[in-house]
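Hello,

Here is the structure I promised to pass on. My notes follow below it.

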Amino acid sequence: MTTIAAEAQKSGGIGKDLIVYVCLLALAGLQFVIAYQNIDVSQMFVRMLAVACVEAGLAELFFMHLWSEKRVFLWFVIIFTVSVLLGMQYGWTDSFRMVNGAPFSK
Amino acid sequence: MSQADLTMEGHSTGLTIGPVFSIPTKKLAMWLFIIADTMTFAACLVAYGFVRNGTPAWPRPFHSITNVALMTFILLTSSLTMLLGLRSARAGDKAGAFRWTMITAAAGILFALLHVREWLGLINEGMTLFKNPWGTGLFGASFFSITGLHLTHVTGGVIALIVVGVRYKGGRYNADDIEILGLYWHFVDLVWMFVVPLVYLLNLTH
């Protein structure tokens, strides 16, 4: 068996891709369902973001074949990306202050 | 040649190991680009979140989800056709790989056309970069910036799909190049999964 054929066999058949595709469609549909729920915008935001993160994880692991890469690379991508993304959240207090005024001002 | 032979010839073991993370250099370069581009999109979406959160009467101009649902379906399906193209390329089926790559490009073009149609509809309703009939002008600026950046990526991806597909058919590129392009295309799809809820669905009129 050639290396390419072995790699293709290792990554699973077309069935796995189809299952992931259907899951992604279902999760995208779930986001649309959440959009029509009668809930607060902040709750809606959290739910939609959670679904989007699951979708992104599935796409990265199986469509982009990150799951088949070396574990050290998988962890490099996850840790590096998540740490920078978390670092970007430092300014949210300013955003809330624009609406509610300075916290602890009294 | 064994490691002992290399050492005997005076090479240090550090020079004889393979590429970083044991993946091809071109693929690693694409992954690093994707990580960097993730930061770009994340910065745009976080900035949009700051502004939306800090603006009390944020406009909610979208009445229907039909167009955005159709665009999402097309982009997700194009990721599947990209995978089929890669699978064909790995199996040595050049005609199949070329066909699936061109189908993916066609889906990208359809997505872009739907996107432009939606933009034109909003522009006809009076929305520009700096003003709109519904409230703060920041809405138009953030909407066109984020969706425009994504549309630019889709357009670039379509051009790359056509170029790589044709060159693969001509024998100048191989299955690895299809795989690397596939990484980019899936990334474009992945970004859309965040753009849809944050930019469209949270701004639906109920």
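The buried residues of H3(A) are A:Met44, A:Met48, A:Val51, A:Ala52, A:Glu55, A:Leu58, A:Ala59, A:Glu60, A:Phe62 and A:Phe63. Please note that this is a predicted model. An α-helix has 3.6 residues a turn, so residues three or four places apart point the same way. Keep that in mind when you look at the list, which includes A:Met44, A:Met48, A:Val51 and A:Glu55.

What covers these buried residues? The cover includes helix H2 (14–35) of chain A. H4 and H7 of chain B are also part of the cover.

H3(A) itself runs over residues 41–63, 23 residues in total. From first C-alpha to last, H3(A) reaches 31 Å, close to the 33 Å expected at 1.5 Å a residue. After H3(A) comes A:His65, with a positive phi near 60°.

Now chain A as a whole. Chain A has five helices and zero strands. Along the sequence its pattern reads α-α-α-α-α. Chain A has 106 residues, and 16% of them count as buried.

Next, the contact between the chains. On the chain B side, 36 residues are in contact with 38 residues of chain A. Helices H3 (25–54), H4 (66–90) and H7 (175–200) of chain B each supply at least two residues of that side. H3(B) gives the largest share, ten residues. By type, the chain B side divides into 26 nonpolar, seven polar and three charged residues.

Best regards

Notes: Residues numbered from 1 in each chain as written. Chains lettered and ligands numbered in written order. Predicted model: local features only at pLDDT ≥ 70, side-chain atom pairs only at ≥ 80, totals over all residues. Contact = placed C-beta atoms within 7 Å. Helix = DSSP H or I, 4+ residues; strand = E, 2+ residues; numbered from the N terminus. Nonpolar A, V, L, I, M, F, W, Y, C, P; charged D, E, K, R; others polar. Buried ≥ 20, exposed ≤ 12 C-beta atoms within 10 Å, placed from the backbone. Expected span 1.5 Å × (residues − 1).
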